[in-house]
Amino acid sequence: MVEIPEHLLKRSKSARERMTGQAPSSDDSSGIDESQNATPATEIDSPVETPPQKSEETIVVVEDAPYVNAAKTRNKIPWWAASALLCLPIWAVVYVGTLERPDVEATGVLQHGSEIYAQRCSSCHGTNGGGGAGNKLNDGEVMITFPHMEDMVEWITKGSDGFGVGTPYGDPERGRIVAGGMPAFGDVLNAEEIISVVLHERAVFGNSEEAVILATELDHTIEAGEMDLDMYFDAETITSSEIAEIFEETH
């Protein structure tokens, strides 16, 4: 008869008790190495946290346009040059003020008026219109006294007696009052001669561009035979309005 070892019997008994749910006897459990029946626990590896990776930033370099680079690299205006540029307008005004107006070339009506002035007017008003026994005409004075050309023609035609002593004449704002001494030329000079001397005085002494233009137009009108100014103004009846109509016919 085969003899079963004791430790195998105890192990078999313990297995039956576990299957039937019976508590193992104290004597049997002492001899069993529980460490042999225990199922080793499975170690679960905890996940390793991976540190967040930094995203690489893409640096985009935008190049300036050629004209921007040119503006950045060109030489700047020095401060002293900038101040000089600011003074240019002032210098221009001063420079223009020093220029002298070119002399008006006396031809046709203007030449005729210059000759009449030298013969009839210069003894009182001066060779260059600077005045004397008569009022000053140059430096624009003639234009201030007579802004309208027809008023000047009427004054020369009628003279002091035609207007009457104490009567205003010329521009009312100038405040000129007839004091006597101005002769009437209506019976001495014809219409063309009076108009010629008036245009001469306004163009030369008054620097009037309008007088120069009107003299040129009058030359063309007379040469074309479209106007006859050989008549004489009637000093007693002529008015500035009638004289203005004559100038209108030249345009």
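Which helix is the place of V109? V109 belongs to helix α6, residues 109-120.

This is a predicted model, so local features need a pLDDT of at least 70 and side-chain atom pairs count only at pLDDT 80 or more, while totals for chains, interfaces and linings use all residues. Residues are numbered from 1 along each chain as its sequence is written, and side-chain values use heavy atoms, with hydrogens and water left out.

**View 1. The whole protein, helix by helix.** The secondary structure comes to 12 helices and zero strands. Here helices (H or I, at least four residues) and strands (E, at least two) are DSSP runs, numbered from the N terminus. Of the 251 residues in the protein, 29% are buried. Buried means under 20% relative accessible area, exposed means over 50%, and partly exposed is in between (1.4 Å probe, protein chains only). Now for contacts, meaning heavy atoms within 4.5 Å. Take those between residues at least 6 apart in sequence: 64% of them join residues at least 24 apart.

**View 2. V109 and its neighbours.** Back to V109 in α6. V109 has a relative accessible area of 3%, so it's buried. Leaving out residues up to four places away in sequence, V109 touches S196, L199, A215, L218, D219 and I222. Look for T216 too: V109 and T216 are 107 residues apart along the chain, yet their C-alpha atoms are separated by 7.7 Å.

**View 3. Helix α10 against helix α11.** These two helices pack at an angle of about 150 degrees, and their axes are 9 Å apart. Axes are lines fitted to C-alpha atoms, for helices over the stretch in contact, and angles run from 0 to 180 degrees between N-to-C directions. So α10 and α11 are roughly antiparallel to each other. On this scale, angles under 35 degrees count as roughly parallel, over 145 as roughly antiparallel, 65 to 115 as roughly perpendicular and the rest as oblique. The crossing of α10 and α11 is left-handed. A crossing gets that name if the near helix is turned anticlockwise from the far one by less than a right angle, and it's right-handed if clockwise. From α10 come E192, I195, L199, R202 and A203, and they meet A211, V212, L214, A215, L218 and I222 of α11. Sorted by class, this contact has nine nonpolar residues, no polar ones and two charged ones. (Ala, Val, Leu, Ile, Met, Phe, Trp, Tyr, Cys and Pro count as nonpolar, Asp, Glu, Lys and Arg as charged, and the others, Gly among them, as polar.)

**View 4. Helix α9 crossing helix α10.** Helix α9 spans residues 149-163 and helix α10 spans residues 191-204; their axes come within 10 Å and cross at roughly 125 degrees. That makes α9 oblique to α10. The crossing is right-handed. On the α9 side, the contact uses M149, M152, V153, I156 and T157, and on the α10 side I194, V197, V198, L199, E201 and R202. The class count for α9 with α10 is eight nonpolar, one polar and two charged residues.

**View 5. Helix α9 crossing helix α12.** The axes of α9 and α12 come within 8 Å and cross at roughly 120 degrees. So α9 is oblique to α12. This crossing is right-handed. M149, E150, D151, V153 and E154 of α9 meet S240, I243, A244 and F247 of α12. That contact has five nonpolar, one polar and three charged residues.

**View 6. The two sides of helix α12.** In α12, residues 240-249, the buried residues are S240, I243, I246 and F247. They cover an arc of only 110 degrees around the axis (taken from the directions from the helix axis to the C-beta atoms), which puts them on the same side of α12. An α-helix has 3.6 residues a turn, so residues three or four places apart point the same way. On the other side of α12 you'll find E245, E248 and E249, which are exposed. Among the elements covering the buried residues of α12 are α9, α10 and α11.

**View 7. Two loop residues with positive phi.** D139 sits in the loop between α7 (122-125) and α8 (141-145). D139 isn't a glycine, but its phi is positive, about 60 degrees. Its relative accessibility is 62%, so D139 counts as exposed. N207 is in the loop between α10 and α11. N207 isn't a glycine either, and its phi is positive at about 50 degrees. With 44% relative accessibility, N207 counts as partly exposed.
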